[in-house]
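Keep it short and grouped by topic.

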Amino acid sequence: MYSHILLLCLTILLFSQSSTAASASEWRHRAIYQVVTDRFGRDDGSLTFPCDPQARVYCGGTWKGINNHLDYIQDMGFDAIWISPVVEQISGNTGEGEAYHGYWPKNIYAFNSKFGSEQDFKDLVAAVHKRGMLLMVDVVMNHLANQGDTIRYDELTPFNDPKFFHPKCDIDWGNQTSMEVCWMGNGYIWLLDIDTENPTVKSTLFAYIESFVRKYNVDALRLDASRNVPKQFWNEFSRAAGVYCQGEVWVKDTEIICPYQEVMSGLHNYPFKESATQAFTSSTGNMSEFVRISRQMQAQCKDVTLFGTFMENHDNPRLGSITTDRARLQNLAVLNMLADGIPIVYYGQEQMLPGSNDPMNREALWLTRYATTNNLVPTFTALNGFRSFLVQTAAPFFTSLALYGLLNSSVVIVRKGDVVLVLTNSGSGVATSAEIDGLGASMELVEILSCSNVQTTGSGSLKIVLTGAPMVLYPRKLLLASGICR
């Protein structure tokens, strides 16, 4: 109940600001729910329409379908949405399926009619803003798409001539220059690599994105395939967009990903995601490596609090395909929401969907009937409610860097402002003892997810026994009058 009251207050506070683009620092306070438009909601309201992700075809999700289920997203406490690319795609069923995902653009000036009309998109933006939420749109600037080996340049917009593209070549994924100039794809689909060093191309794309953001009141952009485009282009592109831009640099190497923050606001935190997944999905996970990577990201990146913190997305296997242990999934949910950075939760993560690699990780959410019990919906709702409380109290949480430490081989402690996370990979029902020092003498703490109380000793230590589930600890005195765990 309290989380709903907080969200209503936040909505009222932000409604008057909905016409002004949120700054990068304001995005720190947001929690993003990622939607694959074609797989989230149908505008006919069907909860049974079949969708086989392996078929790689459109299943009928639309912008109206998202609009119809905004309550589901907001009731969990999410106050920002990231949606699939919105532009016109190549049509038909190729050897790689249909372009339901949005990453095979054909005309950047037209909307994807499979998702609805331009007015439907405008209506979605308006509905999101009316709720005090923000909208992030996925954009593809690296390429335009072509079906088959015969390249039909005349069918592409705005670049309808070979001179606007790099010459066709196969990518050497171990060579950065090759990644920036060669083509992704195969004989079924070729992704024609746009020559983003070409002055005409640059001026066209900068004018386009400035107009798109302004005309449709978009609040942020997700930059697809950022590593396949020269860094300098993104620097100019981000300035033209004038909104928070979060890029995809799909790599675990901190030495590679961190420099990209010099040319855009933030990145998907792939090193953190990969190390957390490895550490927490099994009792044999490497917790010390997770701590090392977390510290390394903080030390090497410009501002890790502006990165997107995620555990699932449309390109990677879902956590539910790696482990079905609810406690381990809860530990990862806590990290997802309360570690450094802007949390991003992929649609269906809350339902513990089991999809493995693409395309199996792109299931239709309507087939879950948007259930809110017997899943992780209550966990994400509670975490978002707590996070919203921290926003309201102007807590130092959002700019404080987390302190990561090992309590033992299966337990990690994360301290961030006044928040203390105690996390384990031991699994449901497995008892694990640990002791925490330096918490303050005789301090009463509340565990946010269970609303249980614990108290430190006179010397400020706390002995706990975990049974697989995570602990989110916060001083009770700071929760007074909050309504949380009353």
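On a 1 Å grid over the protein atoms alone, a pocket is an open set of points with protein on both sides within 12 Å along at least five of seven lines, and a cavity is a set of points where a 1.4 Å probe fits but cannot get out; lining residues have an atom within 4 Å of a point. By that rule, 27 residues line the largest pocket, and Met184, Leu191, Trp250, Asp315 and Asp358 lie nearest its centre.

This is a predicted model: local features need pLDDT of at least 70, side-chain atom pairs count only at pLDDT 80 or more, and totals for chains, interfaces and linings use all residues. Residues are numbered from 1 along each chain as its sequence is written, and side-chain values use heavy atoms, with hydrogens and water left out.

**Largest pocket**

- The largest pocket holds about 830 Å³ of space. A volume here is the space filled by probe spheres set on the grid points, which are joined across faces, edges and corners.
- β7 (184–185) and β8 (189–193) are the elements that give two or more residues to this lining. Helices (H or I, at least four residues) and strands (E, at least two) are DSSP runs, numbered from the N terminus.
- The lining has 11 nonpolar, eight polar and eight charged residues. Ala, Val, Leu, Ile, Met, Phe, Trp, Tyr, Cys and Pro count as nonpolar; Asp, Glu, Lys and Arg count as charged; the others, Gly among them, count as polar.

**UniProt annotations**

- An unreviewed UniProt entry places the feature "binding site" at Trp104, His143, Arg222, Asp315 and Arg362. Of these residues, Trp104, His143, Asp315 and Arg362 are included in the lining of the largest pocket.
- Arg222 lies in strand β9 (residues 220–223).
- The annotation "domain: Glycosyl hydrolase family 13 catalytic", also from the unreviewed UniProt entry, covers residues 34–387. The end C-alpha atoms of that span lie 18 Å apart, and the span is 33% helix and 15% strand.
- UniProt positions are given in the numbering used here, feature names are shortened, and annotations may be inferred rather than shown by experiment.

**Three-stranded sheet**

- An open sheet of three strands has the order β6-β8-β7, with antiparallel pairing. Its edge strands, β6 (143–147) and β7, each pair on one side only.
- Two strands pair if DSSP finds at least two bridges between them. β7 and β8 have two bridges, in the antiparallel sense.
- Gly185 stands opposite Trp190 in β8.

**Six-stranded sheet**

- Six strands form an open, antiparallel sheet in the order β14-β15-β16-β21-β18-β19. β14 (403–408) and β19 (452–455) are at the edges with a single partner strand each, so one side of each is left without a neighbour in the sheet.
- On average, neighbouring strands of this sheet are turned by 25° against each other, direction ignored. Axes are lines fitted to C-alpha atoms, for helices over the stretch in contact, and angles run from 0 to 180 degrees between N-to-C directions.
- β14 and β15 (residues 411–416) run antiparallel and are joined by five bridges. Gly405 stands opposite Ile413 in β15.
- Helix α12 (residues 287–300) packs on the sheet and touches β14, β15 and β16 (419–424); its direction makes about 170° with that of β14. Contact means heavy atoms within 4.5 Å.
- Helix α14 (residues 377–392) lies across β16 and β21 (471–475), at about 30° to β21.

**Cavities**

- The count comes to seven cavities of 30 Å³ or more. About 70 Å³ of space lies in the largest cavity.
- Residues lining the largest cavity include Pro85, Val86, Val87, Tyr208 and Phe212.
- β4 (105–111), β5 (134–139) and α8 (199–216) each supply at least two lining residues of the largest cavity. The largest share, three residues, comes from β5.
- The lining of the largest cavity has 11 nonpolar, no polar and one charged residues.

- Most residues other than glycine have a negative phi, and most peptide bonds are trans.
- The peptide bond from Thr157 to Pro158 is cis, with omega near 10°. Pro158 is in the loop between β6 and α7 (176–181).
- The peptide bond from Asp358 to Pro359 is also cis, with omega near 15°. Pro359 is in the loop between β13 (342–346) and α14.
- Arg56 has a positive phi, near 55°. Arg56 lies in the loop between α3 (37–40) and α4 (63–68).
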